[in-house]
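Here's a quick tour of one model, with a look at a sheet strand and at a loop residue. Have the structure open while you read.

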Amino acid sequence: MTNRTDKSIIQARNIEKIYPNGCHALKKVSLDINRGEVVVIIGPSGSGKSTFLRTLNQLETISDGTIHIDEVSLTDRKTNINKVREEVGMVFQSFNLFPHKTALGNVALSPIKVKKKPRAVAEQEGRELLKKVGLAERMNNYPSHLSGGQQQRVAIARALAMHPKIMLFDEPTSALDPEMVGEVLDVMKSLARDGMTMVVVTHEMGFAREVADRVVFMEDGELVFEESPERFFSSDNPRLQRFLGQVL
Amino acid sequence: MEKQSHLLLWKAVFVLIIIGLGFGIYAGSKSIDYTWRWERIPQYIINTEATTVRAPFDGTATIEKGNRLVVTSDYGDDPLVIKKFDNLLVGHGDLVFEGDPLVEVENWNIGPLTWGLVMTLQLSVVSLVFAVVIGLFAGLARISSNPALRYLSITYIELIRGTPLLVQIFIFYFFIGTVLDLDRFTAGVAALSVFTGAYIAEIVRSGIQSISPGQMEAARSLGMNYVQAMVNVILPQAFKRTLPPMAGQFINLIKDSSLVSVISITDLTKAGREVVSSTFAPFEVWFAVALMYLVLTGALSWAIQRLEKRLSASD
Ligand SMILES: Nc1ncnc2c1ncn2[C@@H]1O[C@H](COP(=O)(O)OP(=O)(O)OP(=O)(O)O)[C@@H](O)[C@H]1O
Ligand SMILES: [Mg+2]
């Protein structure tokens, strides 16, 4: 057992989340994630995967526990959450591209408005990022003129434009037609190869097997089980077995 | 083919109905023995009537080089020099007596109806700007998580929407106007913008709420603060979506501005009333006034349609 605490970039300890409607979505969830590590979270619907992911950039506040991102406490009232979010990119299941901006406009917006970069610089960087995700030809298209797979790749480029240290993915391929899943997963794989710290909620077991350093299983708001992919998929944990039996 | 001839038929029906209506108006006016005097109307829009300049004293007229008329007095008054005129009524060397017509000058005077139109336009534009600002803030306050802001906004919207504009205008002029010492125009603009602002607030609220929450989340996840996300992501999208109801509200504002004539602001409607009393041609005047309002509202809806077209590039 290695001691992760001193090099972990994400430290989540005993997180509790109770929604205003009383739903107890996270129960004593603790997870440390190292720099450059790819962690895949799986679990049945309603198990709290999205909720957990969204607490990591405070799109959801937590009811109890502590989260540190790169040694900055998210529960400390003095922390500027906008600064933290610049370091933590997020990719959504439904893309959430800005429909009134072109692909390039989506990618360049935040660097211009938040990082105060000159437009020309932000757009140059944006073009390179879009090239990297294979969309050199589509920079001036509006989201409504892009396929789902293309939109999701723009969304990844948009998050990368802020030069985050961590990328969060919430079921990035679940809203895609099957033939487009591959192109998005390829971008994510190359990101992982480049050493990005990634937390990925997905049902793509192939991706988990191939790319993940660790796989986490959640159920009923609890973190049930975490292991390396080899051990994870050969585990005989009964709750995990039941879930894998359903999805595979 | 079948369908086309049907369409043509219905278009013909439309034209017939319009002609019928026109004839109805004509027949109606005949039945009450009304004589149409349309020729009286244009002078109240633009007055090109010539005014005659008359001699102020007895003297002699001379026409100098450069077409200047000079009248030298018989009794040692300063000579009268007229440099610009349209029709000369005296000859070189003519003797003129006090009160004789000398020249005619054609002046283009803007008539009272046009002044009324200008006033209506001023009222509408100034009120519009304030109404949009008030509406934007009230709309944002309406969806704020801060209860004080939210309840204030709800109270404002309900108070304004629950009372007639005419009553609000009186309150603004006679009460608030007296307390704060506002002139008519300011009181009118205040009443109109506060009234329209309440409706715009509701349009803004529904526009913002129609944008999927994912947009705000995406913007915030990129490090934008609430204001940056609103300004750069939510409001531009809401703006586009609210253009049609906004256009309706702006047109209402132009029309509602006619009510401020009750506090003696000489807008298009009040000008119409004044012209009626001097022409005794009420039908023509009110038709002309209606047409002038139509020009304003028509131009506005045309401009907004253009804007909508331009914004539809991202659809
Ligand atoms: N905004 C909310 N308000 C109240 N309850 C919520 C809210 N969002 C999620 N929940 C509840 O919290 C629990 C966890 O939801 P969450 O979305 O995190 O699950 P998930 O594991 O991501 O599921 P899925 O695979 O369907 O996305 C669920 O019971 C859900 O109903
Ligand atoms: Mg989810």
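This is a predicted model: local features need pLDDT of at least 70, side-chain atom pairs count only at pLDDT 80 or more; totals for chains, interfaces and linings use all residues.

Strands here are DSSP runs of E with at least two residues, helices are runs of H or I with at least four residues, and both are numbered from the N terminus.

## How covered is it?

Five of the five residues of strand 3 (residues 38-42) of chain A are buried, so the strand is largely enclosed by the rest of the structure. Buried means under 20% relative accessible area, with a 1.4 Å probe and protein chains only. Val38(A), Val40(A) and Ile42(A) cover one side, while Val39(A) and Ile41(A) sit on the other, all of them buried.

## A loop residue

Ser235(A) sits in the loop between helix 8 (229-233) and helix 9 (238-247) of chain A. Ser235(A) counts as buried because its relative accessibility is 10%. Setting aside neighbours within four places in sequence, Ser235(A) is in contact (heavy atoms within 4.5 Å) with Phe225(A), Leu240(A) and Gln241(A).

## Reading notes

Residues are numbered from 1 along each chain as its sequence is written, and chains are lettered from A and ligands numbered from 1 in the order written. Local features need pLDDT of at least 70, side-chain atom pairs count only at pLDDT 80 or more, totals for chains, interfaces and linings use all residues, and side-chain values use heavy atoms, leaving out hydrogens and water.

Conventions:
Buried means under 20% relative accessible area, exposed over 50%, partly exposed in between (1.4 Å probe, protein chains only).
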